[in-house]
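Trainee: I would like to learn how to read helix packing and strand pairing in a model. Where do we begin?

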Amino acid sequence: MALAAELVVEKENGILNSLKFQALHSAIQDFYSNKFTPEFPVIIEMLDKLDALAELSNKHIGKLSGSTELSEKITYQYGESPLNNVRVDFEEAFRTARINQDHIIFIDKIDIKPDDIKFEKFILVLRSFARAALHLNEHVFSKMKGKKRIKFVLLTRPDIFDKLNLQNQSARASDNAVILSWDTTYKYHRQSDIFHLTDNFLGKQSGIEFSKGAAWDHYVSKNVLHKTLRDPNDSVNRSFIEFLRVSWFRPRDIIRALHICQSQNDCSEIVTEEGFRKSHKLFSDYLYGEVKDFSRFYFSDDTFDLIERFFSEIQRLDIITYDNLLKSHATFLEKVKRGPSKHALDPRVEDPDEFLQILYSSNILCWRAQNEFGGVDDYWAFRERSATQLDPKVGLYQEYAVHYGLRRALRLNRKIVTGVRD
C-alpha cells in the first residue's frame, strides 16, 4: 500500500488536496528519505522496520476517523501490531480518496530468490506478497471513490505462479492472464507470429523497407536449413526451421541466435550455412545459461552444477528410458555422496521423479509417447503450458530425449537429443 500511495501521489498532483493522502505522502517521504523504489527487497526492508513506520503513521496521520466499535473490532481480531496499524491507516486513506486516472502498477523481480533464503521459506513469503496484492485489488482499490482505479500486476513466471496456491487460481489465470503463444509448425512457420516478429525486427534494424518475409530472405541464406530437411523442388527459404530447432520457440531465442551468427566472420552480411554451424556451441551455451537462470529459483549454483554431472552419466545411452534413467540417477547420487560436492545435494535432486520433473519444467528434456496413429509424440513443457496448466507434469515410465539445442553444452551424443518437432 505504501508503494501504491507513493506512485499515485507522484502521478497525480491534485491528489494532495486530500488531507489523508497529503499526510501519507509526508510519512512515506520521511520513512524512505525520497528513495523509495517498487522492488521486492524494499518490501522486505519495510517489514523489518514496521515499528518505525507505525510511529511515522501516527506522527503524520494520527488517529483516522472511525467508530470505537471499529477500533475495538480490529484490536480484537488482529491485536496491536505495527503492521495492522499501518494497514488500517492506508486502507482508510485509499477508500476516501478520489483519483483522476487509472493506475496499473507492474511489480517485477519478485521471483528472484536471494541465495541465503531457503526455497520453502521464500515460497511462503511470495505467497503472502501475492495474496496481499490480490486483497488490495479486490477489497481496497475496487472500493475507492469515483470510477478510476488502481491495480497491482505482479510479473512472475508461470511455474512460480502455480506455486502461489491462490484461491480459484486456475480461473484467475484463465480470466486475467495474457497468453503469448509463439507455437508453430515447420510446414506453416512462415505464417506464424514468431516468424513475422523476427522478420520485422530484421527489417527495422536495417532501415530498409521490406515486404513480409523479405527481410529474413535477404539476411539469412536458405542453405542454412539442414540437408535432410531440404526439398530441391521448393524455392521457399525455410531456414527459419533451423532456428526453431535450437530454440524454445521464443522470440528472444531467435534474436539471440541471429546475434551469435552475426559475430562469425562468415556472416558479416548474410547468415551462411557455415557461419550457422560454427555458432552451434555458442547457441548451446546460451540455452544452458537460460536453464541456469530458470533453476536459480529452485537451487543454489552449487546444486545446479550437479545437473551437468548427472548428464555425464547418461551420455553413453542409446535411448533414455525411465528404467535406465533411474539407474543413471542412482549411480550419479552414489558418486556425489562420496565426493566433495555432497554438501550441494538437495532433496529435490535426490528424489528421481522430482528431479525428472525439474528437468522437464526447465525444458531440458521432453517425454515421448506412442500416439493412436502409430507414431510418437514429443511433449515439451513450453508447448504444453497454458493458462489452466501452468506447470505441466512430466510423463513417468516413458522414453525421454534432451533438447537438441543443449547437446553441445551437455556434451551429449546425437542419439539421445532431438529438436522440437511438429
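Mentor: Helix α13 and helix α15 (residues 280–295) pack at an angle of about 145 degrees, with their axes 10 Å apart. Helices (H or I, at least four residues) and strands (E, at least two) are DSSP runs, numbered from the N terminus. Axes are lines fitted to C-alpha atoms, for helices over the stretch in contact, and angles run from 0 to 180 degrees between N-to-C directions. The model is predicted: local features need pLDDT of at least 70, side-chain atom pairs count only at pLDDT 80 or more, and totals for chains, interfaces and linings use all residues. Residues are numbered from 1 along each chain as its sequence is written, and side-chain values use heavy atoms, with hydrogens and water left out.

Trainee: Which residues of α13 and α15 make the contact?

Mentor: Contact means heavy atoms within 4.5 Å. From α13 come R252, D253, R256, A257, I260 and C261, and from α15 L282, F283, Y286, L287 and E290.

Trainee: At what angle do α10 and α13 cross?

Mentor: Two packed helices are described by the angle between their axes and the distance between the axes. Here α10 (residues 193–206) and α13 (residues 251–262) cross at roughly 40 degrees, their axes coming within 10 Å. α10 is therefore oblique to α13 (under 35 degrees is roughly parallel, over 145 roughly antiparallel, 65 to 115 roughly perpendicular, the rest oblique).

Trainee: How many bridges join β4 to β5?

Mentor: Strands pair if DSSP finds at least two bridges between them. Antiparallel β4 (residues 365–370) and β5 (residues 376–379) are joined by 4 bridges, and A369 stands opposite D377 in β5.
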